[in-house]
Amino acid sequence: MGDILIVDDERDIRELISDILQDEGFATRLAGNSDDAMQAVNTEPPALMILDIWLKDSKMDGIDILKTVKRDNPDVPVVIISGHGNVEIAVAAIKQGAYDFIEKPFNIDQLLVVIRRAMETSRLRRENLSLKRRDTANTDMIGHSAAFRTLVGQLDKVTKSNGRVMLTGPAGAGKEVAARYIHAHSARASAPFITINCAGVAPDRMEEVLFGRETADRGVEPGLLEQAHGGVVYFDEVADMPLGTQSKILRVLVDQQFTRVGGNDKVRVDLRVISSTNRDLAAEIQADRFRQELYHRLNVVPIAVPSLAERREDIPLLADHFIAEFNTIQGLPRRAISDDAQALMQTMVWPGNVRQLKNLVERVLILGEGTDPIEARELPGEEDHGDEEGRVVLSGAMASLPLREAREAFEREYLLTQINRFGGNISRTANFVGMERSALHRKLKSLGVVTSAKSGTRIAHVDDV
């Protein structure tokens, strides 16, 4: 996108403009009718168009070409020129997205000023959008556990394709980070990444938000799908999309085009679609809350994002990453994490997953003082253990059991926690708890504890058989 396309049915005028622009260092292309103009745009969108309103022997006039170009290539600035200018035509051109309107015969210096301003405005707009995406985009994938390595391996495989991806996993596990990772490592990395929060948009506004709208007083207002043209659209929690919108999205996926609310023209888009959900979509389909056809269109490559409980080995690494991030962004103290605090974090219950861990780290840094390492007493559940060190506070259920049963219950929960903390690695668990590996295996068998593979790692649980 580096040249200027000059569209005028008068050969002398388009060649004169071309010669002047070439003298100023611009590359140019020429078109004398609408067919040649649209062929040139479709072959390679120009950096700017100079477009005559009236084109003899053409299927489309300048306004029609303008509407089509701004629909399919909204970033291309268009300068309208005409020898029959009037206020109504100028207003119509500006409403359809033209950068400026110049009457013939025009002053060459004036035309050059308008062209330079239009191209500079277009460049600044692209840079601004790029910076906004860079500021808000989080593509950091942090971890070294088996479950994490399996996830990244799957993500790397889909970055080189254009296939639709369905990310599944619990809330807060990092599905959007995974989607941004795919985008950042794909051929579309320099194009937009647009997130559509399906649960956060009112059902009666969903179509306007997605498809945009056209009104007589405000003209064209592009929707999110149009803004994502050339890039990636991410449907966050797609199960919350209204049923009526689902059928229209299905048509967009098939045709790669749609009609704005209140409009008649078809808008063509080039999109890669990534979706996510924390629900069982098969159950949603059975309950008639999700269209089966749409599910099959979106679920081309299913990828499961593991919960934090499935990658406990990564918790210290993630916590260190968040500490560094809060130090950079908010100026919060950069603190290390003590061994006791790390061990406690790896045994805690995390229903909110990585998001909950990040919030906890922020809270500890805000409420803490100094730069000393974070201690276990600063974490939830560690503040009310009494003044006597070395004591273990029993739950009511544990305290009501006979000694033998209480010991078995404690050993079972303790070993379950330690095995999961070490990602199902029995050797590391045995080394930490101070047992021979064979002795640990016998103890686990007696307590009914088994391990099984899930999301690329091993998870310990009580055998139900």
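Me: Which residue does the side chain of D240 meet in a salt bridge?

Reply: This is a predicted model: local features need pLDDT of at least 70, side-chain atom pairs count only at pLDDT 80 or more, and totals for chains, interfaces and linings use all residues. Residues are numbered from 1 along each chain as its sequence is written, and side-chain values use heavy atoms, with hydrogens and water left out. A salt bridge places a side-chain nitrogen of Lys or Arg within 4 Å of a carboxyl oxygen of Asp or Glu. At 2.3 Å, N to O, the partner of D240 is R279.

Me: How many residues apart are D240 and R279?

Reply: D240 sits in the loop between β10 (232-236) and α10 (243-255), and R279 in the loop between β13 (272-277) and α11 (281-286). Helices (H or I, at least four residues) and strands (E, at least two) are DSSP runs, numbered from the N terminus. The pair links distant parts of the chain; the separation is 39 residues.

Me: At what relative accessibility does R279 count as partly exposed?

Reply: Buried means under 20% relative accessible area, exposed over 50%, and partly exposed in between (1.4 Å probe, protein chains only). D240 is partly exposed at 27%. R279 is partly exposed at 33%.

Me: How many residues apart in sequence are the parts tied together by K59 and D35?

Reply: K59 and D35 form a salt bridge, with the closest N and O atoms 3.9 Å apart. K59 lies in the loop between β3 and α3 and D35 in helix α2, so the bridge ties together parts separated in sequence by 24 residues.

Me: Which residue caps the N-terminal end of α2?

Reply: A polar contact is a pair of N or O atoms within 3.5 Å; within protein, one must be able to donate a hydrogen and the other to accept it, and residues adjacent in sequence count only if both atoms are side-chain atoms. Here a side-chain oxygen lies 3.2 Å from the backbone nitrogen of D35. The cap is N33.

Me: Why is the pair of F211 and F258 tilted?

Reply: Rings of Phe, Tyr and Trp (its six-membered ring) pair if their centres lie within 6.5 Å; planes under 30 degrees apart count as stacked, over 60 as edge-to-face and the rest as tilted. By this rule there are 4 aromatic pairs. The centres of F211 and F258 are 5.3 Å apart, and the pair is tilted because the planes stand at 40°.

Me: Which residue in helix α19 links to E411?

Reply: E411 lies in helix α17, 32 residues from its partner. The closest N and O atoms of this salt bridge are 3.2 Å apart. The partner is K443.
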